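Have the sequence and the 3D view open side by side, and let's take a walk through this protein together. We'll start with a sheet, move on to some helices, and finish with a few single residues.

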Amino acid sequence: MGKPKIFIDGEAGTTGLQIRLRLAGRDDLELLSIDPAKRKDALERKRLLNQADVAILCLPDEAAQEAVAMIENPHTRVLDASSAHRVAEGWVYGFPELSPLQPDLIRQARFVANPGCYATGAIALLRPLVDAGLLPEGFAASVQGISGYSGGGRALIEAMEGKGEHRLAGDYRAYGLELTHKHIPEMTRYSRLLHEPIFTPAVARFAQGMLVMIPVHLWALPKGVRACELHAALAERYQGQRFVEVMPLETYGAHHPVLDPQALNNTNRMELFVFENPTREQALLVARFDNLGKGASGAAAQNLDLMLGTVEEHAYQVRGVAA
C-alpha cells in the first residue's frame, strides 16, 4: 500500500499554508499540489480532490460546499477547515478532546469538520462543566475573545502590514456586534447549551495568538458551585491529554497574573485557566492557544493523523517550535 495522498484545496491561503508547514518534512504522506496557474480550474481541482485519500478544504464556505459536491470517489475522505459543515448532518466535529468518544468518531468518519478558533476555546471550557452538572444547560454564557489579525484572512493581514485597507485594521477592533458571529452555532451545540451565548470577538495588532474568556457568577449557579469545583472538573476531563493542559487554580490575592495571548504561538497546545475572587463569588474561565494552531491548522493536522491512524507520531510544529 502506498503513502496516503493528501490534497489541500486552498493551500495558498493562511490556513492552507500553515497546514503545509505542519506537514512539511513528513515522509509518511504524499502531498498533492495544484499548479498555481490552475488554482481556479474546476476540472483540475476535481481531479485532485478525487485522487486524494484525504482532501483538506481551506476555502470560503460556499467554495467548500462546491468542493464536496465535486467528490465522486467514495474512498476520498474530507477534512473541511471552513465553517460550512460544523453543525451539518453527517459530519463529525473535529475537536478530539470534546469527549472520550470523539477521537474514535474522527478516526471512523469520512467527513470531518475542523472547529472554529474561538469556538474551540469556548467549548473546551464549557462542555466539561455542563457534562459535570456544574453549569446548567440553560447557563447564560457570555464569551469574549481576542485574536491575532492572521485569523481575518489575507485582506486583513495585508492591511495590518501596511499594504491596504480593512475595516478591522488598527490597534484594537471589537466586531461581531450584531451578535450573529458564525462560530455561535457550534459553540451552542457542542457545549450542550440550550441558549446561544453572547459572543463578542476582537482583533488586535499582533499576528497570531488567542484568548477566549467566559465570566461566571458563582452566586447565580443553582448548586452553589465553587471555582475549585470548576477547576477540578476541567482537570479531570483533560487529564492525560497531549495538547490541552489545565493550569493551576488562580485565587485573588495570591499574585497578579497577566496572560499573553501569543505565548503558545506555532504550537498545537491549549492552556485552560480558572481565576476566582471568592469574596465576590466570581470566576473567570480562560483558554489560551494559537488561533492558527489549535484554532485552525494545528487542529487540522491533529485530525488528519487521527483519520490516518498516526496520531501519536507527530508534534504538529511550525518552524522548529514543538507542540
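In strand 6, the bridge partner of Val-78 is Phe-111. A word on the labels before we go on. Helices (H or I, at least four residues) and strands (E, at least two) are DSSP runs, numbered from the N terminus, and two strands pair if DSSP finds at least two bridges between them.

Some housekeeping, too: this is a predicted model, where local features need pLDDT of at least 70 and side-chain atom pairs count only at pLDDT 80 or more, while totals for chains, interfaces and linings use all residues. Residues are numbered from 1 along each chain as its sequence is written, and side-chain values use heavy atoms, with hydrogens and water left out.

Take strand 1 (residues 5-9). Strand 1 and strand 2 pair in the parallel sense over 3 bridges, and Phe-7 has Leu-32 in strand 2 as its bridge partner. Strand 1 is mostly covered, with 4 of its 5 residues buried. Here "buried" means under 20% relative accessible area, "exposed" means over 50%, and "partly exposed" is in between (1.4 Å probe, protein chains only).

On to the helices. Helix 1 (residues 14-23) and helix 9 (residues 293-308) pack with their axes 9 Å apart, at an angle of about 50°. Axes are lines fitted to C-alpha atoms, for helices over the stretch in contact, and angles run from 0 to 180 degrees between N-to-C directions. Helix 1 and helix 9 are therefore oblique to each other; angles under 35 degrees count as roughly parallel, over 145 as roughly antiparallel, 65 to 115 as roughly perpendicular and the rest as oblique.

Which residues of helix 1 meet helix 9? Thr-15, Gln-18, Ile-19, Arg-22 and Leu-23 do, and in helix 9 they meet Gly-293, Ala-296, Ser-297, Gly-298, Ala-300, Ala-301 and Leu-304. By class, this contact of helix 1 with helix 9 has 6 nonpolar, 5 polar and 1 charged residues. For these classes, Ala, Val, Leu, Ile, Met, Phe, Trp, Tyr, Cys and Pro count as nonpolar, Asp, Glu, Lys and Arg as charged, and the others, Gly among them, as polar.

Next, look at helix 5 (residues 117-131) and helix 7. Their axes come within 8 Å and cross at roughly 20°. That makes helix 5 roughly parallel to helix 7. From helix 5, Tyr-118, Ala-119, Ala-122, Ile-123, Leu-126, Arg-127 and Val-130 meet Glu-186, Met-187, Tyr-190 and Ser-191 in helix 7. The residues of this contact between helix 5 and helix 7 divide into 8 nonpolar, 1 polar and 2 charged.

Is helix 7 mostly covered or mostly uncovered? It is mostly covered, with 6 of its 8 residues buried: Ile-184, Glu-186, Met-187, Thr-188, Tyr-190 and Ser-191. What covers them includes strand 5, helix 5, strand 7 (142-148) and strand 9 (198-204).

His-183 lies in the loop between strand 8 (172-174) and helix 7 (184-191). His-183 is buried, with a relative accessible area of 5%, and touches Arg-86, Gly-116, Cys-117, Tyr-118 and Ala-119, not counting residues up to four places away in sequence. Contact here means heavy atoms within 4.5 Å. Just after helix 7 comes Arg-192, with a positive phi of about 65° although it is not a glycine. Arg-192 is in the loop between helix 7 and strand 9 and counts as partly exposed at 44% relative accessibility.

Find Glu-281 in the loop between strand 13 (270-277) and strand 14 (282-289); it is partly exposed, with a relative accessible area of 41%.

Last stop: Val-203, in strand 9. Val-203 is buried, with a relative accessible area of 4%, and its contacts include Ser-147, Gly-148, Leu-156 and Tyr-172.
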